[in-house]
Amino acid sequence: MNPLVPDFILEQDAEGQYAGAVDAAVLHVSLPAVVDLAEQMIARQAIDPDALRSLFDPLFEAVHQSGGFVAALSPGGGFTALFPDRPGRNVTRHARSAALAIRRTLLELAARRALGAGGGQMPFRIGLAWGSVHWTIVRIADDRAYFLLYGPAIEACQATDRGVDDSELHLDRSFRERLPTASARESAVEFDEADLLTEPPSLTVTDTPRDADAESFLPPGAGDLAPQGEIREVTTVSASLDRVESPTELLQQLHEIAAMYGATFAGMNVTERGFGALFYFGAPVSHESDHDRALDFALELKSNGLGVPRLAVGITRARCLVGFFGAGGRREFACVGRAVHLAAQIARKAAPSSIWADERAFLAGEASHQWSTENIFRFDGFDLPILVYSLERRRIAVQEEFYDLGPIGREVELERLTRALEPIFAGRSAGVVYILGEAGIGKSYLVHSYRHQRAQLMDMRPLLWIEARCDQTLKTPLYAFEFALKEYLGISSEIGQRAKQAGLDLALQLLLERLPEGWAEVREGIDRSREALARLLRLRGEEPATPEAEAEAEAEAEALAALAALLIAESSLQPVVVHLDDAQWADPTSLEAVRAITTACRDLPLAVICSARPAAPGGEGDAVRIPLDAGIPSQVIELAPLPQERLLALAEPFFGGPMPTMLESLLGQTAGGNPFFAQEILAYWLEDGRYGSTHEAARSSRFMPPRTVNSLLVARLERLEPRTRQTVISAAVLGREFDTRVLARMIPDASVLVDHLRFGEAQRIWSRMGEHRFEFCTVLIRDAAYGMQPKAAAERQHRLAAEAIEAVYGDDLEDQRAALDSHRKLAG
């Protein structure tokens with residue numbers, strides 16, 4: 001006997017018989033205790049292979065002693081056994097005898113409280129049926145095959161499994177009719193010990209054929225698992241399909257699609273609604289992004305349809321017990337746990353052509369895929385109702401795709417920026433290059449394109465790039481260059497004073513080691529700058545003895561000199577670019593720092609890119625201009641709105657065919673040539689799901705996005721799942737940058753933060769800056785999220801932010817002083 005595949009299947013496979021039918025008695029045992037035991041092991045992180053084996057051993061032995069064989073184990077616990085008909089012997093008596101022996105064993109185990117959650121009750125249900133059983137073997141390749149046992153008898157036995165587990169025997173009519181008249185009774189209560197057969201079974205177990213290939217029926221990688229099994233994080237995809245006359249083609253299709261996405265296809269089984277198919281992502285073979293693969297696989301199943309009238313999919317994600325389970329006479333590869341059982345139940349309950357999932361599967365896939373909330377349902381084996389989500393489609397990260405398309409429509413401006421910065425590669429100063437344009441017009445994109453272009457050059461020369469970002473709310477003196485210094489040193493606000501000081505000391509020491517010994521003046525400038533740079537980083541120092549006003553002026557002068565000394569040293573070694581981003585919010589001292597730096601480095605390869613919005617409409621305020629010393633070059637690159645054909649060129653790659661006429665009109669008339677607005681309109685359209693559907697013209701005519709960038713961003717954020725949306729709003733309260741440790745203390749449930757951060761990264765709401773540090777990708781998104789909350793809610797959030805900062809940073813609050821004061825002020 002081969003324990004991995006029924007001998008009956010191996011015999012047919014060895015003889016080249018790949019389809020057929022036999023009459024048989026079918027025994028099905030529903031045993032939820034199997035799943036309960038697995039869950040207890042998972043919770044304890046301790047696998048006890050003997051626990052399940054000791055349960056299955058006497059049950060399987062009862063089947064084999066009565067001349068049957070175990071055909072398959074079921075996802076919800078339990079198994080199905082077959083007793084093929086043989087001339088001269090009524091096998092229903094043997095099947096009934098096995099069922100009675102199994103029932104007696106299970107009742108004894110329950111009486112001893114040997115099984116069940118917490119040693120309590122152990123419900124089970126036993127069904128018996130008679131009829132035709134079909135078998136199919138599908139040979140995909142020499143090393144991969146599947147088998148399926150199905151047909152009226154198995155379907156009838158599955159039907160007896162409905163209802164509450166009650167430990168009785170449930171016989172279908174055909175089975176009762178096959179029993180001797182005196183024994184054709186429905187309930188196990190009517191049976192007595194005389195019904196148990198004591199003579200040897202008439203059906204003998206045959207030897208496994210010598211050329212049988214059991215290994216080919218096992219999933220790839222299953223043989224590499226630890227003998228006792230493993231606990232793995234698994235995404236289970238269960239498909240519920242209508243019955244088909246011949247499942248051979250269906251098995252082949254499922255294998256091919258599963259192979260495309262790296263799924264482990266665990267085979268098909270019979271359910272009361274037709275067929276079920278199980279797929280595992282994460283066991284026995286794991287891949288990167290297993291969960292995203294699973295969701296894409298489910299969408300592929302839905303799109304393909306597989307030629308069946310009804311197809312529905314259930315998805316769950318959880319830790320499962322992975323390995324070979326059963327007893328000595330029959331073992332089968334499986335993932336065991338409530339989540340696997342739940343996936344099958346969800347699939348059977350799901351509406352046709354739909355993909356439903358539990359909350360963990362939704363949260364793990366919220367970043368990459370579009371979902372809607374379906375409803376709350378009750379499922380067998382679960383005490384509480386479960387919220388189910390519906391998978392709609394894969395999200396398209398329009399913002400990221402826009403970046404990957406290249407500088408469409410900005411080729412001229414990119415060439416101008418390239419020429420403007422070329423002097424630094426010839427050892428000369430490029431002065432200040434202003435990039436001016438309205439919000440969302442593409443200033444940051446232009447700078448990004450230049451940096452990407454430089455990185456692609458084969459003859460790339462060394463270039464030091466320093467980001468100096470201005471902040472709309474934190475306008476403390478030299479804030480932009482405090483940010484720049486942290487970027488240069490590779491340190492963040494989340495580390496302590498000692499770590500910052502160590503980082504500064506190490507960076508300056510390495511810089512001195514790079515400077516030639518003969519550059520005495522430059523080296524002396526670095527030594528003199530130590531204290532001023534430390535103060536700029538808000539490291540503790542001695543209190544000045546001079547009056548406050550004089551001390552501030554003196555500290556400012558020393559800081560400017562220190563920054564100049566640092567950049568003199570770096571630009572003496574290599575070309576340097578300082579990018580002053582969002583300069584319309586720069587504090588006066590940061591603008592003065594630009595003048596001081598460009599003056600000090602007038603004969604060195606240094607450039608300052610100053611990106612800013614133009615003057616406000618109506619003449620209120622002036623465009624950013626820095627009073628430079630004589631001889632310092634400056635240039636202005638103004639970004640005008642893109643023409644409609646350029647916007648359409650950016651949008652066309654997102655469609656497999658012609659772009660919808662309605663969308664063309666929206667991009668041309670509503671976006672106003674603003675590429676950021678255009679990409680948000682496009683994202684709004686794609687998330688709406690109307691594109692590519694039937695009667696598209698009628699549907700798209702009702703699609704009207706908001707008419708401004710801010711209102712469109714708000715509308716997109718409103719579509720987020722409520723908890724995710726609240727996390728985004730709380731992060732916006734913290735500013736353009738935020739510390740995730742602080743954010744965790746501001747949201748109701750910190751356990752979901754990791755999933756929300758992943759979602760935000762995938763949708764380019766924010767990007768990671770460090771272990772605990774994130775920043776919003778654009779200030780427009782941050783402002784839109786911040787403005788979504790009423791004044792009272794905003795004040796409460798600022799109060800929470802202040803409390804969280806104090807709790808996270810404790811006594812090391814100096815670096816957070818400006819933010820802390822701002823939050824307290826805004827808290828009212």
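Biologist: Which helix gives the most to the lining of the second largest cavity?
Modeller: That's H14, with four residues. It's a predicted model, where local features need pLDDT of at least 70, side-chain atom pairs count only at pLDDT 80 or more, and totals for chains, interfaces and linings use all residues. Residues are numbered from 1 along each chain as its sequence is written, and side-chain values use heavy atoms, leaving out hydrogens and water.

Biologist: What counts as a cavity?
Modeller: On a 1 Å grid over the protein atoms alone, it's a set of points where a 1.4 Å probe fits but cannot get out, and lining residues have an atom within 4 Å of a point.

Biologist: OK, which residues line the second largest cavity?
Modeller: Ile466, Phe481, Ala484, Leu485, Tyr488, Leu563, Leu566 and Leu567. By class that's eight nonpolar, no polar and no charged residues. Here Ala, Val, Leu, Ile, Met, Phe, Trp, Tyr, Cys and Pro count as nonpolar, Asp, Glu, Lys and Arg as charged, and the others, Gly among them, as polar.

Biologist: And which helices each supply at least two of the lining residues?
Modeller: H14 (479–489) and H17 (548–573). Helices are DSSP runs of H or I with at least four residues, numbered from the N terminus.

Biologist: How much space lies in there?
Modeller: About 70 Å³, with volume taken as the space filled by probe spheres set on the grid points, which are joined across faces, edges and corners. The structure holds five cavities of 30 Å³ or more.

Biologist: Back to H14. At what angle does H14 pack with H18?
Modeller: About 65°, and the axes of H14 and H18 (residues 588–600) are 7 Å apart. Axes are lines fitted to C-alpha atoms over the stretch in contact, and angles run from 0 to 180 degrees between N-to-C directions.

Biologist: Which residues make that contact?
Modeller: Tyr479, Ala480 and Phe481 of H14 meet Ser590, Ala593, Val594 and Ile597 of H18, where contact means heavy atoms within 4.5 Å. That gives six nonpolar, one polar and no charged residues.

Biologist: Is Cys470 buried or exposed?
Modeller: Buried, with a relative accessible area of 5%; buried means under 20%, exposed over 50%, partly exposed in between, using a 1.4 Å probe and protein chains only.

How values were computed: 1 Å grid on protein atoms, 1.4 Å probe; cavity = no way out; pocket = protein on both sides within 12 Å on 5 of 7 lines; lining within 4 Å.
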